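Have the sequence and the model open while reading.

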Amino acid sequence: TKHVLFFLWLEVERRFGSGGGKQLARVVPLVQRMTRGEAHCTAEPGGRGKRKVLSYIEDLHPEQPWHDLADHPWCAPWAAQHGA
């Protein structure tokens, strides 16, 4: 875990400059869960089935895996291109 976090910090510092690695506090629990093999499992309401997420950042869970594109206007170009 420490090695993964160190190399992640090193890469962030290299790409974004000195001090950029200080922004990684929320990534630490993600890396810890990944190295322990933990997963976030839920049963989706409305009969949508089970969902297993292998990694996530706190407060950024994929809470709504099936989105209504009408609720997200920024999806319109993609939806038009892919016939969604």
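Glu-11 forms a salt bridge with Arg-15, and the closest N and O atoms of the pair are 2.6 Å apart. The model is a predicted one. Glu-11 and Arg-15 are four residues apart in helix H1, so about one helical turn separates them. Arg-15 is exposed, because its relative accessibility of 58% is over the 50% cut-off.

Glu-11 also forms a salt bridge with Arg-14, where the closest N and O atoms are 2.6 Å apart. Both residues belong to helix H1, which covers residues 2–16, and they sit three residues apart, about one turn of the helix. Arg-14 counts as exposed at 59% relative accessibility. Glu-11 itself has a relative accessible area of 30% and is therefore partly exposed. Together, Glu-11, Arg-14 and Arg-15 are linked in a network of salt bridges.

The count comes to three salt bridges. One of them joins Glu-38 to Arg-36, with the closest N and O atoms 2.6 Å apart. Glu-38 is partly exposed at 33% relative accessibility, while Arg-36 is exposed, with a relative accessible area of 53%.

Arg-33 lies in helix H2, which spans residues 27–36. Is Arg-33 buried or exposed? Its relative accessible area is 10%, under the 20% cut-off, so Arg-33 is buried. Leaving aside residues up to four places away in sequence, Arg-33 touches Glu-38, Tyr-56, Ile-57 and Glu-58.

How values were computed:
Residues numbered from 1 in each chain as written. Predicted model: local features only at pLDDT ≥ 70, side-chain atom pairs only at ≥ 80, totals over all residues. Heavy atoms only, no water. Helix = DSSP H or I, 4+ residues; strand = E, 2+ residues; numbered from the N terminus. Buried < 20%, exposed > 50% of the residue type's maximum accessible area, 1.4 Å probe, protein only. Contact = heavy atoms within 4.5 Å. Salt bridge = Lys/Arg side-chain N within 4 Å of Asp/Glu carboxyl O.
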